[in-house]
Amino acid sequence: MGKNKFITEFEINASQKILFPYMSTASGLAQWFADDVNINEDKVFSFLWDGDQHRAKKVAQKANISVKFEFLPETEEDEDDPNYIELKLNVNELTQSVFIQITDYSDLDDDEEQEDLWENIVYNLKQIIGG
């Protein structure tokens with residue numbers, strides 16, 4: 001079974017500087033993205049969703065712009081083609097509106113289900129920051 005690259009975007013009424021710590025730190029991510037997020041001494045993030053732990057490394061980061069987490073392989077297929085999530089902040093030059101663009105590369109292949117999932121997750125973020 002192939003993997004699916006799902007991309008969506010949401011407008012958020014907050015600056016990049018306010019949003020970025022919520023996207024790039026374990027404590028920030030734990031507030032909206034997962035049930036809990038921890039980071040160990042090897043800089044491996046542990047994301048907890050519904051009692052299941054998923055481990056990832058932060059493989060890319062541009063301050064106040066983007067962060068990418070690559071999940072550690074759980075199967076042989078994952079070793080060659082790892083799952084990842086990239087969170088990127090885009091600013092509309094004309095309106096100065098800030099958008100969070102989410103790229104979710106995983107085994108989930110139902111785009112409608114993915115959209116609902118991300119709407120709920122981003123709603124949590126908006127509730128926290130008032131955006």
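User: What do the numbering and the confidence limits rest on?

Analyst: Residues are numbered from 1 along each chain as its sequence is written, and side-chain values use heavy atoms, with hydrogens and water left out. The model is predicted, and local features need pLDDT of at least 70 while side-chain atom pairs count only at pLDDT 80 or more, although totals for chains, interfaces and linings use all residues.

User: Why is S46 called buried?

Analyst: The relative accessible area of S46 is 17%, and buried means under 20%, with exposed over 50% and partly exposed in between (1.4 Å probe, protein chains only), so S46 counts as buried. S46 is found in strand β3, residues 44-49, where strands (E, at least two residues) and helices (H or I, at least four) are DSSP runs numbered from the N terminus.

User: What makes the link between S46 and Q53 a polar contact?

Analyst: The side chains of S46 and Q53 are joined at 3.4 Å, and the term asks for a pair of N or O atoms within 3.5 Å, one able to donate a hydrogen and the other to accept it within protein, with residues adjacent in sequence counted only if both atoms are side-chain atoms. S46 is also in contact (heavy atoms within 4.5 Å) with D36, V37, N38, Q53 and H54, leaving aside neighbours within four places in sequence.

User: How do you know that β3 and β4 pair?

Analyst: Two strands pair if DSSP finds at least two bridges between them, and 6 bridges join β3 to β4 (residues 52-62), so the antiparallel strands meet that rule. F47 stands opposite H54 in β4, and in the hairpin, which has 2 residues between the strands, D50 takes a positive phi near 50 degrees.

User: Which strand does β4 pair with over 6 bridges in the antiparallel sense, besides β3?

Analyst: That strand is β5, in which K68 is the bridge partner of A60. The hairpin of β4 and β5 has 3 residues between the strands, and N64 in the turn has a positive phi of about 60 degrees.

User: What makes F45 and F69 an edge-to-face pair?

Analyst: Rings of Phe, Tyr and Trp (its six-membered ring) pair if their centres lie within 6.5 Å, and planes under 30 degrees apart count as stacked, over 60 as edge-to-face and the rest as tilted. By this rule the count comes to 11 aromatic pairs. For F45 and F69 the centres are 5.0 Å apart and the planes 75 degrees, so the pair is edge-to-face. The pair links distant parts of the chain, with F45 in β3 and F69 in β5, 24 residues apart.

User: Why is F45 called buried?

Analyst: F45 has 3% relative accessibility and therefore counts as buried.

User: What makes K68 a charge over the ring of Y84?

Analyst: NZ of Lys or CZ of Arg must be within 6 Å of the ring centre and within 35 degrees of the ring normal, and the charged end of K68 sits over the ring of Y84, 4.2 Å from its centre.
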